[in-house]
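Please read them alongside the sequence and the coordinates.

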Amino acid sequence: MNKETTQIVKELFASPQKIVIVGHKNPDGDAIGSCLGLSFFLESMGHSTTVIMPNDFPDFLKWLPGVDDIIIHERETNKSTAQIKDADIIFTLDFNSLDRIGEMQSVLEESTSKFVMIDHHQQPADYAVATYSNVKMSSTSEMVFHFMDAMGQSEKLSKEIAINLYTGIMTDTGSFRFSSTSPTTHRVAAKLIEAGAESAVINQNIYDTNSPERMKLLGVALNNLVILPELHTAYITMTQKELDDHNFKKGDTEGFVNYALSVKGIVFAAIFIENKQESIVKISFRSKDDFSVNDFARNHYSGGGHINAAGGKSSQSLNKTISEFISILPRYKNELTHAS
Ligand code: 5GP
Ligand code: MN
């Protein structure tokens, strides 16, 4: 975090503040872990904090320290709106633009509080008085660790903070596998383990809580896998019926797209998930090397994210979405063939 941003935040913190911390819609491990970690840290500095998420999140995150105090805007809209109105400072974490928070967007846009952004996505919007953005970072959770350091408060690292930040880093790096994992990421992880984050326990809590239905759904997903070897692309489709037949719960399809990317020779993978309730097809993109799925998602699916992990949506039917996707791909043949 640069000196100027550090100075602005230090001035904001001169006296105890009422702080709201917000993560993105469909929060993942990094959104929840970074927000809760930051919340414990700011409380330890004498501020009062409230963590708000736009909507619900997967059960495999519901054991994290502090998780019971999270307000879900979609469920408790009045309470959430009142907290936002009353806030001196609003921290927005793990997203780069206010259109990533669904129904909460208008509430935040009307707020007169001071905003602070901490995020690692590409092309950050300019709404905060202090923007700590670094697209090279493994995760927002790693950035919260550096934020504490910049505040000169690294001794405040508690077990609760460590567990939350470790979970965010671990989930956003695919367990320290993705190229965003730097030597510093490992050094931070080591410090978090020293502060009480038990890696084996966290891994079990996150990854070994599969329901039998989810495993069967993974079977369906793998069966639906389509491989286009000449385009170095693989994709998976999931219909609403397939989800319903397996008692789909939030988070059940998390990670499925990585199986498509794990096929030898594949540099671009996608999963298309039908969502009848929202009348959209939600899409996750993953890539290897320098093929930018951030650009691909922005150009064709009103989405975005990172170079190697991004998302977007389509308002066409699932079949139409797939046929369009297949018709777009040949334009990228050169890039897909020479990605390195
Ligand atoms: P996932 O595929 O795991 O949902 O998301 C991958 C990455 O892309 C995450 O960093 C996420 O924040 C971002 N992302 C997912 N969906 C969207 C979207 O619709 N719009 C934008 N701008 N980013 C997205
Ligand atoms: Mn993240």
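How many Å separate an oxygen atom of ligand 1 from an N or O atom in the side chain of Ser 284?

1. The model under discussion is a predicted one. In answer to the question above, the separation between the ligand 1 oxygen atom and the side-chain N or O atom of Ser 284 is 2.6 Å.

2. Two further polar approaches to ligand 1 deserve attention. Arg 100 places a polar side-chain atom 2.9 Å from an oxygen atom of the ligand. Gly 311 contributes through its backbone, where an N or O atom lies 3.3 Å from an oxygen atom of ligand 1. Taken on its own, ligand 1 has 500 Å² of accessible area, and the protein covers 81% of this.

3. The surroundings of ligand 1 comprise 13 residues. Arg 100, His 121, Lys 282, Ser 284 and Arg 286 are the closest of these.

4. As regards overall organisation, the protein chain is divided into domain 1, spanning 3-207, and domain 2, spanning 212-339. Their centres, taken over C-alpha atoms, are 27 Å apart.

5. At the interface, 16 residues of domain 1 are in contact with twelve residues of domain 2. The area buried between the two domains is about 1000 Å², and carbon and sulfur atoms give 43% of it.

6. Two salt bridges are found across the interface of domain 1 and domain 2, together with eight residue pairs in polar contact. On the side of domain 1 that touches domain 2, there are four nonpolar, eight polar and four charged residues.

7. Lys 25 and Glu 278 form a salt bridge, with 3.7 Å between their closest N and O atoms.

Notes. Residues numbered from 1 in each chain as written. Chains lettered and ligands numbered in written order. Predicted model: local features only at pLDDT ≥ 70, side-chain atom pairs only at ≥ 80, totals over all residues. Heavy atoms only, no water. Domains from an automatic or database assignment. Contact = heavy atoms within 4.5 Å. Buried area = accessible area lost by both parts, 1.4 Å probe. Salt bridge = Lys/Arg side-chain N within 4 Å of Asp/Glu carboxyl O. Polar contact = N/O pair within 3.5 Å; in protein donor to acceptor, adjacent residues only side chain to side chain. Nonpolar A, V, L, I, M, F, W, Y, C, P; charged D, E, K, R; others polar. Near = heavy atom within 4 Å. Areas by Shrake-Rupley, 256 points an atom, 1.4 Å probe, with all protein chains shown as cover.
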